[in-house]
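Subject: Structure handover

Hi,

Here is the structure for your files. My notes follow below it.

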Amino acid sequence: MPGKPRSGQPGGGRHAWTTWLLSRSVSRSVRGALGGVWVRGPVPAGGAVLAPNHHSWWDGYVLREAALWAGSEFTVLMGARQLSRFPFLRRVGAVRADEVRVGVRRARVGWLVVFPEGAVQPAGPLRAAQPGAVWIAGAADVPLVPVALRVVMRGAQAPEAFVRFGWPVAGAALEDALQRELAALDAELLDSDPESPPAGYLRAVPGRASRSERVDLPSRLLTWITGDRG
């Protein structure tokens, strides 16, 4: 279960404050733009390779916030072109996709996120899985965890993120397991009240409240003046 948040990322010495500032900026962007991050399933407690679908710009940020909630170190493999554009993201856990030795070391001490689809794909079914996640999990001798992830608009004013952790699998079973987790998550979202989380999900990270959830002073004052009580 969740423990004390740790960043575990480079940034010591005289530049530690920049790492802290960037970390705070990432957290604030998630909490300010999304309606929350909801989690279900066996959350990894130690080193693991997480293999999620990649259908949203928010995916890496969402999983980083989930890692902090769970008290885990966080690393994500990122394409060389993207990381060259945003090199400062190394300070919050990004490493280049071809830095496999670094990935193996990080996977032994915390969550290493490897997107089997590679780049962001259109929302929908899973695309063909690449072998990187399987290889690193084997080299690091850590669990390989399929993770279904959706960032969706439902009944709130802001989109919400839902993360469904599956049980660890053997490498050959990863693609089928991830397909099943994603189908299960989609079914849970489809069958649930859009103004409530699906059954079994915990709110790991609070987010932006919708106007309908906020009872502010003008609203209460107007209720008092008109005498309307619903």
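Which residues of helix H5 (residues 132–140) are buried? They are Ala133, Ile136, Ala137 and Ala140. Buried means under 20% relative accessible area, exposed over 50%, and partly exposed in between (1.4 Å probe, protein chains only). Helices (H or I, at least four residues) and strands (E, at least two) are DSSP runs, numbered from the N terminus.

Before the rest, the ground rules. This is a predicted model: local features need pLDDT of at least 70, side-chain atom pairs count only at pLDDT 80 or more, and totals for chains, interfaces and linings use all residues. Residues are numbered from 1 along each chain as its sequence is written, and side-chain values use heavy atoms, with hydrogens and water left out.

Back to H5. Seen down the helix axis, the buried residues of H5 fall within an arc of 100° (taken from the directions from the axis to the C-beta atoms), so they line one face. They pack against strands E2 (48–52), E3 (74–78), E5 (111–113) and E6 (144–152), and against helices H4 (100–107) and H6 (174–191). Contact here means heavy atoms within 4.5 Å. The face turned away from the buried side carries the exposed residues Trp135 and Gly138. Just after H5, aspartate 141 takes a positive phi of about 60°.

Overall, the protein has 7 helices and 8 strands. Of its 230 residues, 43% count as buried.

Next, charge pairs. The whole structure holds 8 salt bridges, each a side-chain nitrogen of Lys or Arg within 4 Å of a carboxyl oxygen of Asp or Glu. Arginine 150 and aspartate 186 form one of them (2.8 Å, N to O). That pair links strand E6 to helix H6, 36 residues apart. Arginine 150 is buried, at 9% relative accessible area; aspartate 186 is partly exposed, at 32%.

Glutamate 188 and arginine 164 form another (3.1 Å, N to O). Glutamate 188 counts as buried at 16% relative accessibility, and arginine 164 is buried at 15%.

Best wishes
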